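Student: I should like to learn how to read a structure of this kind, one feature at a time. May we look at it together?

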Amino acid sequence: MSSIERLFWFDQQIRDNRWPNASTMARRFEISAKTAQRTIEFLRDRIGAPLIYQPQQRGYCYEDSSFSLPQVPVTQNELLAILLARNLLAESAGGLIGESIAAFGRKLLGQVQVAGIDEHLLQQSFSACWNGYAHSEGATFELVAGALLRHQTIEFQFSSPASPATTHRRVNPYHLRHYNGNWLLQGWCHLRSGWRLFNLAGVADVQLTGDVFSPVPLSDWPQLDAAYGVFQGEKQQEVVLRFTAQRARWISREYWHPAQRMEPQADGRLLLRLPVADYREIKLKILQYGSEVEVLAPDDLRGQIRNEIEKMRLRYMAQ
């Protein structure tokens, strides 16, 4: 996207008689002069732009003013998908992703004529709402995403809600996942000598180490969807939940996990079976439905829910 932006910027600078060159492009986009020069050479040699360098003006112009950049072939559905993605991720990563998609969408709108597409109407017509998620800083996301794509080792300070302590981490970043409004980084942690997931909301002071790592094959990564929720593990158990007939009508339409199985009962109730490796997240989900759900298996999870209900009863009795 940044390369396309540089090409369109350079083209517009020429048409405005501003005589752009590699130096002005480098300053505008905060890139090296060599990268800027390669962009100009790509415009001339690969796209066929009739570029001429004028020493007196110290910049470029077009020998043939009728030249125009190739128009991007974009369908209405493709443009709609880009602009909708902007609305859905408007607040993600501190607004960075939504703003970047919006800027790109406006440039596409300026380059193509697609009937029925209006950015203002789309903004009014579609939206997404996340609640209960932890906010990630845009600058943090940008640094981590850049390092991930270039296989660069990073260092940062990490604070987990499970502990008041802050630890210094050195990590090889492999994957960024958008999970229920949160951005999670999967990477190899040098401190723990193993794979770890980091919520970007707890990541601060990201630094590029300058080291480049050789990525391991995808087949050697730990699975992110082997079990329900964000907490994974080698040992999985089947959790069986039974929902009341009234709640079953809602649950039957929901997606909890790729391996889930739903079994409607003759009396209208519903059994939901799914693999779980860690009880922390599924416990919160179960308690969300109160008396409309019952844990049938495994026994230790059923016991933990029973104990939690008893603690809740005592708390409310005390008041």
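Student: What share of the contacts in the protein chain with a separation of 6 or more is accounted for by residues 24 or more positions apart?

Tutor: This is a predicted model. In the protein chain, 57% of the contacts with a separation of 6 or more are between residues 24 or more positions apart. The chain has 319 residues, of which 36% count as buried, and its secondary structure comprises 10 helices and 11 strands.

Student: Where in the protein chain is confidence lowest, and where is it highest?

Tutor: The general idea comes before the case. Where pLDDT is low, the predicted coordinates should not be read in detail. The average pLDDT of the protein chain is 87, and 83% of the residues score at least 70. Confidence is lowest in helix 5, residues 96-111, with a mean of 60; it is highest in strand 11, with a mean of 98. Over residues 111-115 the pLDDT stays under 50, and the model has 10 contacts beyond four places in sequence for that stretch.

Student: Which residues have the most contacts inside the largest nonpolar core?

Tutor: In soluble globular proteins, nonpolar side chains tend to be buried together. Here the largest nonpolar core has 19 residues, and those with the most contacts inside it are L241, F243, W256, I282, I286 and L301. At least two residues of this core come from each of strand 8 (237-243), helix 8 (245-251), strand 10 (270-276), helix 9 (279-288), strand 11 (293-297) and helix 10 (299-318). Strand 10 gives the largest share, 4 residues.

Student: With which residues is F243 in contact, leaving aside its neighbours within four places in sequence?

Tutor: With its neighbours within four places in sequence left aside, F243 is in contact with A248, I251, W256, R269, L270, L272, Y289, E292 and V293.

Student: Is T39 buried or exposed?

Tutor: T39, which is found in helix 3, is buried, because its relative accessible area is 9%, and buried means under 20%. Beyond its neighbours within four places in sequence, T39 is in contact with R6, L7 and M25. T39 and R6 are 33 residues apart in sequence, and their C-alpha atoms are 7.6 Å apart in space.

Student: Is Q186 buried or exposed?

Tutor: Q186 counts as buried because its relative accessibility is 3%. Q186 lies in strand 5, residues 182-189. Leaving aside neighbours within four places in sequence, its contacts include N172, Y174, H175, W195, R196 and W221.

Student: Where is G233 placed?

Tutor: G233 is in the loop between strand 7 (203-212) and strand 8. Its relative accessibility is 34%, so G233 counts as partly exposed. G233 and A277 are 44 residues apart in sequence and 5.3 Å apart in space, C-alpha to C-alpha.

Student: What is phi of E30, and what is phi of R58?

Tutor: Most residues other than glycine have a negative phi, and most peptide bonds are trans. E30 has a positive phi of about 55° although it is not a glycine. E30 lies in the loop between helix 2 (22-29) and helix 3, and counts as exposed because its relative accessibility is 74%. For R58, phi is near 55°, again a positive value in a residue other than glycine. R58 lies in the loop between strand 1 (51-54) and strand 2 (59-62); with a relative accessible area of 60%, R58 is exposed.

Student: Which residues does a cis peptide bond join?

Tutor: A cis peptide bond joins A297 and P298, with omega about -5°. P298 lies in the loop between strand 11 and helix 10.

Notes: Residues are numbered from 1 along each chain as its sequence is written. This is a predicted model: local features need pLDDT of at least 70, side-chain atom pairs count only at pLDDT 80 or more; totals for chains, interfaces and linings use all residues. Side-chain values use heavy atoms; hydrogens and water are left out. A nonpolar core is a set of buried Ala, Val, Leu, Ile, Met, Phe, Trp, Tyr and Cys residues joined through side-chain atoms within 4.5 Å. Buried means under 20% relative accessible area, exposed over 50%, partly exposed in between (1.4 Å probe, protein chains only). Contact means heavy atoms within 4.5 Å. pLDDT is the predictor's confidence in each residue, from 0 to 100.
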